[in-house]
Amino acid sequence: MSVLDFDLSDPEFWAKPMDERERAFERLRSRETPAFFEEMELSFAPKGPGYHALVKHADILEASRNPEVFSSGQGGATNIPDMPAEFTEYFGSMINMDDPRHARLRRIVSRAFTPKMIKQFEADVEAAAGAIVGDLIAKGSGCDFVTEVAARLPLKIICDMMGIPEHDYRFVFDRSNIILGGFDPEYTGGDLTQIADRLLTAGMELQQLVQDLAAHRADHPTNDLTSSLVNANIDGERLTMQELGSFFILLVVAGNETTRNAISYGLRLLTTNPGQRALWLDDIDGRAPGAVEEIVRLASPVNFMRRKVTRDHEMNGHLYRKGEKAVLFYWAANRDEDVFADPLRFDITRDPNPHVGFGGPGPHFCLGAHLARREITAMFRELLRRVPHIEGGKPDRLHSSFINGIKHMECAF
């Protein structure tokens, strides 16, 4: 295991078949210490010093609980290289911050995402899921499940929450695809030298959309989240227009793309595991909580987050030096044999299920986890009740190191 014949920094690694990636991460987990990888050359960012690949569940839990050592704010958490300053203007929301800035922003926006508040959206989520499945039945077999079903629910809910009108849904959908398009030529054109410009343009356009809306809501408030945020004054604190725009990008990207991929992945899991489908059909509501957690575990829509070490620190027998980078591979941790028995098996009765599909413990645990669970539950309740034997075909996977995504998948019922 001293010499690896694959490179996590190589974009082509993330285009390999899923079983090859599974075997690679299994090898990484079998090592006594985390493997170290060089960073790739990019035209828009300086080459960094490389990174430790954290792939074990225990390492990710401990790093997540120590944000003062494993920093999110030094160079950004959503990318391995340290990105140019202009990127933080559009992509610098809470996920790329440390306390106290992170705590301040999260304190302002978190009131919209408590379980009590999500409960108020429950009827809207269920109605939207019902309408989407109704449209699916009307169209019949053969449609693209990702674009026609899985993507529509989180996109509608997030846009409705923010007060974004329906005629802008497609605009938001397309820009979020670009931001999370990774190396995929369908979304980013395939030219690495142009990716930075496309990302910045998409971020600028989304930020402008919500800032224009916020300017109007400042004088003409409604009951949407944009009105609440632009007029919020919590302990004397308000969001700036810059912060509001960056938060909106985080919301549509994290809330739309990740839930979309969990729903898509869930259908594929039910297709390839008919016994688990039958078990869920036997008690749709009762089995839903466990099934949703197992879908999120195996889907792991976000592959990783990056941290930078702020001081020399020993963790689980390995010394991390100040200034080094550590990449937390949630996807790998959710398959850790030391934590999950038969980890590649889809088991909707798995209990306990301490996955890190919504991030590790600590201040950066996913703010929208309650909403994501609600959306996944509502969608599969509708599907299992109305088209119980729907199947998903071979997935067309996103070529990305950051998002474990499915771009397209034909469905049949």
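I located Q276 in helix α14, residues 274–282; helices here are DSSP runs of H or I with at least four residues, strands are runs of E with at least two, and both are numbered from the N terminus. Numbering starts from 1 along each chain as its sequence is written. The model is predicted, with local features requiring pLDDT of at least 70 and side-chain atom pairs pLDDT 80 or more, while totals for chains, interfaces and linings use all residues, and side-chain values use heavy atoms, without hydrogens and water.

I then checked the exposure of Q276. It counts as buried because its relative accessibility is 16% (buried is under 20%, exposed over 50%, partly exposed in between, with a 1.4 Å probe and protein chains only).

I next looked up the partners of Q276. Neighbours within four places in sequence aside, Q276 is in contact with F346, D347 and I348 (contact means heavy atoms within 4.5 Å). A polar atom of the Q276 side chain lies 2.9 Å from the backbone nitrogen of I348.

I turned to the whole protein and found 17 helices and 11 strands. Its radius of gyration is 21 Å, close to the 22 Å from the globule rule for 413 residues, so the protein is as compact as a globular protein of that length (C-alpha atoms are used, and the rule is 2.2 Å times the number of residues to the power 0.38). The C-alpha trace spans about 55 × 55 × 40 Å along its principal axes.

I noted that 58% of the 413 residues count as buried. Of the contacts between residues at least 6 apart in sequence, 73% join residues at least 24 apart.

Note on methods: A polar contact is a pair of N or O atoms within 3.5 Å; within protein, one must be able to donate a hydrogen and the other to accept it, and residues adjacent in sequence count only if both atoms are side-chain atoms.
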